[in-house]
Amino acid sequence: MKNSHTDMYIFLDIDGVFIKEDKLGEQTSLDEDVPTIDAACVEHFADIVTQYEQVKIVISSSWQEAFDLSIIKSRFPDSVSCKIEGVTPILTEPAEFFRHQEVLDYLAMTQATDQPWVAIDDIAEHYPPDVPIVVTNPYEGFDRIAALRLHNFLKAASTKN
Ligand SMILES: [Mg+2]
């Protein structure tokens, strides 16, 4: 078993990744109803992450301001939710690339700054251009192309060191 000790972090957005853009805002009462995530998108994601024991998932989404982690987890199949470790901290100061800063803060908080990570987001501009990110098309969500990109990243990261 090589490098089974190394964690690989996935910082995961939800809207535009597991909820397609044209479905956003379809639910009527925002406070009470947790939006339903797209089953096909989650399946593509689960197919990849379940192949890597070392994957730890951290939610990096505005969902974390609206819902408890347990509720967010309950939207995912067990094979994925068991890998969801937490949510990124909310910034106290503005940052140019706020999601990226939240990722850095999370890694620092958990003493994991030396671990490989990749972000999944439909908005590339949340991150500086030189960081690993799988950008989804918000109208397609996490599709085959995104799955292939994530797989390539995890494969490379798991054979490094
Ligand atoms: Mg998004």
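**Aromatic pairs and cysteines in a predicted model**

Tyr 9 and Phe 11 are both buried (buried means under 20% relative accessible area, exposed over 50%, partly exposed in between, with a 1.4 Å probe and protein chains only). The model is predicted: local features need pLDDT of at least 70, side-chain atom pairs count only at pLDDT 80 or more, and totals for chains, interfaces and linings use all residues. Residues are numbered from 1 along each chain as its sequence is written, and side-chain values use heavy atoms, with hydrogens and water left out.

The structure holds 10 aromatic pairs. Rings of Phe, Tyr and Trp (its six-membered ring) pair if their centres lie within 6.5 Å; planes under 30 degrees apart count as stacked, over 60 as edge-to-face and the rest as tilted. The ring centres of Tyr 9 and Phe 11 are 6.1 Å apart, with planes at 20°, so this pair is stacked. Tyr 9 and Tyr 106 have ring centres 6.3 Å apart and planes at 65°, so they are edge-to-face. This second pair links distant parts of the chain. Tyr 9 lies in strand S1 (residues 8-12) and Tyr 106 in helix H5 (residues 98-109), 97 residues apart. Helices (H or I, at least four residues) and strands (E, at least two) are DSSP runs, numbered from the N terminus. Tyr 106 is buried, at 4% relative accessible area. One aromatic cluster is formed by Tyr 9, Phe 11, Tyr 106, Trp 117 and Tyr 127.

The structure holds zero disulfides (a disulfide is a pair of cysteine sulfur atoms within 2.5 Å). For Cys 41, the nearest cysteine sulfur is that of Cys 82, 20 Å away. Cys 41 is buried, with a relative accessible area of 3%. Cys 82 is exposed, at 62%.
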